[in-house]
Amino acid sequence: MKKVVIVGASLAGLRCAEALRREGFTGALTMVGAEAHLPYDRPPLSKEFLTAEFEEDRLALRIEPYEELNAELILGQRAQSLSLEARRITLSSGEELGFDGLVIATGAAPRTLPIADGISGVMTLRTLDDALRLKGALADRKRICVIGAGFIGSEVAATARGLGLDVTVLEAGDQPMLRGVGPIIGETLAELHRSNGVDLRTGVKIESLEQIGESVRVNISGESSLECDLVLLAVGAAPVTQWLEGSGLALDDGVVCDATLLAAPGVVCAGDVARWPNPLFDGESMRVEHWTNAVEQGVHAAKRLLSDDDSAPPFSTVPFVWSEQYGIKIQAAGRFSGEDRMEVVHSGTDDARLVAIFERHGRISGVIGFSEPRRVMQYRRLIGAGAPFDEALAASL
Amino acid sequence: MKILVNFDLCKSNAVCMASAPEIFEVRDDGYLYILQEEPDETHRAAVEEAVRLCPTRAITVEDQAL
């Protein structure tokens with residue numbers, strides 16, 4: 001392999017580039033990024049970055065000099081199309097790049113809602129530029145309405161409360177964050193927001209948004225409308241695959257890969273964009289938008305690309321995500337839903353501490369913890385080992 | 001190799017504990033403890049994974065001069 005192109009210059013793409021070099025790839029390496037910035041870390045953008053004291057240079061994802069990576073960085077350019085036959089991608093500038101090996105790490109982009117079209121007081125949050133805009137708005141406005149109580153929405157709500165804003169969170173589902181995991185976790189999450197002064201409303205349907213001067217009026221079905229100075233639309237993200245339509249790659253809410261992250265001969269995927277069957281969960285088809293997954297898949301995709309061997313190992317992982325809100329660390333690993341049996345295995349005297357584990361097919365499949373990182377990680381190891389649920393219950397972790 | 005942790009950055013997510021449980025331990029007090037500050041080479045792959053997967057990039061490895 002002489003020339004590798006990585007499309008996507010964020011966490012998965014960068015860690016893939018570094019792994020390619022570590023694994024001994026000495027050919028030409030090009031990384032294409034849609035944003036003008038060098039690779040940076042996204043998790044702080046919904047948390048401490050939005051407060052005044054966080055320095056932008058702490059976001060840098062690579063501390064070592066880029067020269068040592070010996071890669072060409074094409075930033076501020078999107079990939080427009082892929083030809084698998086010609087082994088070539090076309091960029092938004094019209095420039096064409098040939099490759100022997102291709103890494104698809106284009107991530108995801110915020111979903112929007114048709115009701116937000118043309119409303120200037122509506123923002124989304126994904127990129128550093130988005131975060132800079134949001135930070136500016138939070139500094140000089142008083143009332144924010146967050147639509148969607150997923151991770152991003154919940155974290156921004158918590159940060160905005162910390163900055164002293166009036167915060168309303170509107171969620172279509174019946175609980176915030178880890179949706180559908182049942183009433184115990186759902187109520188704990190909801191109470192966290194409410195006890196910190198957030199007006200959290202669940203099961204809400206928004207009819208329309210109206211821009212009225214500097215304010216936005218949010219019209220809610222069956223309730224009186226509310227006015228705010230700023231709306232954050234945080235209704236999830238969709239994988240960036242438009243540029244691959246017609247390429248011949250299988251697309252289905254992500255790029256469909258085999259268990260080794262290979263999408264086609266010489267083409268691998270990593271990060272939010274990759275859909276693959278995870279052997280640790282009976283081959284369940286997954287697409288995971290979490291930070292640690294982007295790192296692990298970036299490294300795995302590099303090794304897969306450099307191996308011609310059809311017996312290359314599959315990518316297996318226990319998905320892990322963390323969040324911080326109001327000083328509470330919320331961590332979740334594996335798979336869980338309200339349908340699964342759940343047992344609370346630990347709850348502290350201080351009621352902010354809680355660990356619950358979930359069962360599927362007789363095994364421990366998931367864990368959720370509040371301010372219990374040690375126990376979450378120990379249960380995560382049991383999930384990875386395929387431990388029987390009863391064994392996990394009996395383990396006094 | 002010598003393990004260095006920047007405790008100003010560490011947020012005790014305990015991801016390192018999943019990669020290298022013999023080296024890192026987050027205890028119930030919420031703090032990270034380094035169980036072996038100078039582990040032998042058999043731990044290198046696990047430690048390097050912990051470095052890569054640390055969400056706050058708080059861990060570094062210093063190689064002793066030969």
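Predicted model: local features only at pLDDT ≥ 70, side-chain atom pairs only at ≥ 80, totals over all residues.
Residues are numbered from 1 along each chain as its sequence is written, while chains are lettered from A and ligands numbered from 1 in the order in which they are written.

**View 1. Helices α1 and α5 of chain A cross.** The axes of helix α1 (residues 11-22) and helix α5 (residues 291-306) come within 7 Å and cross at roughly 40 degrees. That makes α1(A) oblique to α5(A) (angles under 35 degrees count as roughly parallel, over 145 as roughly antiparallel, 65 to 115 as roughly perpendicular and the rest as oblique). Axes are lines fitted to C-alpha atoms, for helices over the stretch in contact, with angles from 0 to 180 degrees between N-to-C directions. Helices (H or I, at least four residues) and strands (E, at least two) are DSSP runs, numbered from the N terminus.

**View 2. Residues of α1(A) meet residues of α5(A).** Those in α1(A) include A:Leu11, A:Cys16 and A:Leu20, and those in α5(A) include A:Trp291, A:Val295 and A:Leu306. Residues are in contact if their C-beta atoms, placed from the backbone, lie within 7 Å. The residues of this contact divide into 12 nonpolar, 3 polar and 2 charged (Ala, Val, Leu, Ile, Met, Phe, Trp, Tyr, Cys and Pro count as nonpolar, Asp, Glu, Lys and Arg as charged, and the others, Gly among them, as polar).

**View 3. Strand β5 of chain A pairs with β4(A) and with β6(A).** Strands pair if DSSP finds at least two bridges between them. β4 (residues 79-83) and β5 (residues 88-91) pair in the antiparallel sense over 4 bridges, with A:Ser81 partnered by A:Thr90. In their hairpin, A:Arg87 takes a positive phi near 50 degrees. β5(A) and β6 (residues 96-98) are antiparallel over 3 bridges, and A:Arg88 stands opposite A:Gly98.

**View 4. Strand β27 of chain A is mostly covered.** In β27 (residues 363-370), 8 of 8 residues are buried (20 or more other C-beta atoms within 10 Å of a residue's own, C-beta atoms being placed from the backbone; 12 or fewer is exposed, in between partly exposed). β24 (residues 328-334) runs antiparallel to β27(A), joined by 5 bridges.

Notes. Contact = placed C-beta atoms within 7 Å.
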